[in-house]
Amino acid sequence: MFYTDFWGLQFHPFANDNRPETYVPTRAATLCIARLRYALSMGMGASALFGLPGVGKSRVARLVLTEFAAARWLTAYMPSPTGTPREILAALSPATAAAVPTGSYGMAELQSFLIDRARHHQPVLLVVDDVQAARGNDFLEILRTLLNIENDGVKALSILLVGQPSMERRLQAASNFESQLLVRAVLDPMDDEETRLYILARLKAAGSKQGIFTRHAAELVVKYAKGLPRQVNRLCEMSLVIAYGLENRRVGPEIVEMAAADLDLLPPGEASFFPWPHPMQVPEPESEEPPEEDILALITADQG
């Protein structure tokens with residue numbers, strides 16, 4: 001896709017590639033990071049980040065992880081709530097895990113590793129994403145056991161759990177894990193003004209020196225994306241692709257509506273800028289004798 005050359009962009013502005021320069025801080029994200037930074041740095045156990053799908057939880061979690069790694073913490077990121085103690089150890093220290101005997105479950109070695117790190121005053125942070133998707137409670141029970149390891153009253157392991165609102169039920173099912181959370185941060189969607197600024201900031205970060213999206217087009221992105229960064233990215237990316245294909249230098253509202261229809265973000269019946277119906281729109285069955293007002297409407301339309 002070479003639309004970057006078409007608009008003189010350095011990279012795709014709405015790609016989900018976690019480039020540092022494309023991060024746009026919102027009030028909700030800044031508040032969540034501040035709260036999690038405090039709780040995790042105190043070495044008091046586990047905290048959680050809740051949010052709707054596509055709201056940017058993983059991005060915030062990775063920012064927290066990067067910040068702690070820069071502060072010389074031992075860090076690891078697990079994209080899903082699965083694995084044995086040996087696999088957790090491999091995420092934290094591949095060399096240590098490689099020395100674990102073949103076939104060993106690895107819990108004793110993981111506990112020994114964390115105790116040793118605590119004695120050497122080496123803080124450890126583990127981030128686990130997509131926790132609501134956990135199958136069973138085994139993995140969360142492992143984490144709960146690890147939280148019992150302390151050195152002079154300080155937890156040997158800090159844990160950040162990331163997930164959708166349904167993560168609450170999953171934590172309750174795992175020996176009431178949610179009662180051990182020090183902080184429960186909730187990442188809210190962007191408001192309308194933040195969404196507008198998000199679009200402009202991402203384009204500017206990619207090197208845009210012109211207003212690619214018209215004001216009306218940007219307002220439609222705000223409307224259809226509902227404050228979710230993932231949906232903004234998908235909708236803006238598709239809009240740029242369509243505009244490039246049509247050789248349009250500006251992205252107008254009709255192009256955003258085409259993109260929204262392609263992504264199934266357009267409410268049924270709401271397609272004012274192009275003739276074909278919404279993909280999910282089901283035509284109403286025709287009656288044998290249309291009401292008089294419908295006949296008049298058809299006659300008027302034919303005359304027009």
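Modeller: Happy to! Helices (H or I, at least four residues) and strands (E, at least two) are DSSP runs, numbered from the N terminus.

A word on the source: this is a predicted model, in which local features need pLDDT of at least 70 and side-chain atom pairs count only at pLDDT 80 or more, while totals for chains, interfaces and linings use all residues. Residues are numbered from 1 along each chain as its sequence is written, and side-chain values use heavy atoms, with hydrogens and water left out.

Now to H2 itself, residues 27-41. Its 15 residues, at 1.5 Å a residue, should span 21 Å, and the end C-alpha atoms are 21 Å apart, which agrees. That expected span is 1.5 Å times one less than the number of residues. Which residues of H2 are buried? They are Ala28, Ala29, Cys32, Ile33, Leu36, Ala39 and Leu40. Seen down the axis of H2, these buried residues fall within an arc of 140°, so they line one face of the helix. The arc is that of the directions from the helix axis to the C-beta atoms. Buried means under 20% relative accessible area, exposed over 50%, and partly exposed in between (1.4 Å probe, protein chains only).

Take Cys32 from that list: its relative accessibility is 3%, so Cys32 counts as buried. Cys236 is buried too, at 0%. A search of the whole structure finds zero disulfides, a disulfide being a pair of cysteine sulfur atoms within 2.5 Å. Just after H2 comes Gly43, with a positive phi of about 65°.

What does S1 pair with? It pairs in the parallel sense with strand S6 (residues 158-163) over five bridges, and Leu49 has Val162 as its bridge partner there. S1 also pairs with strand S7 (residues 181-187), again parallel and over five bridges, where Phe50 stands opposite Val186. Two strands pair if DSSP finds at least two bridges between them.
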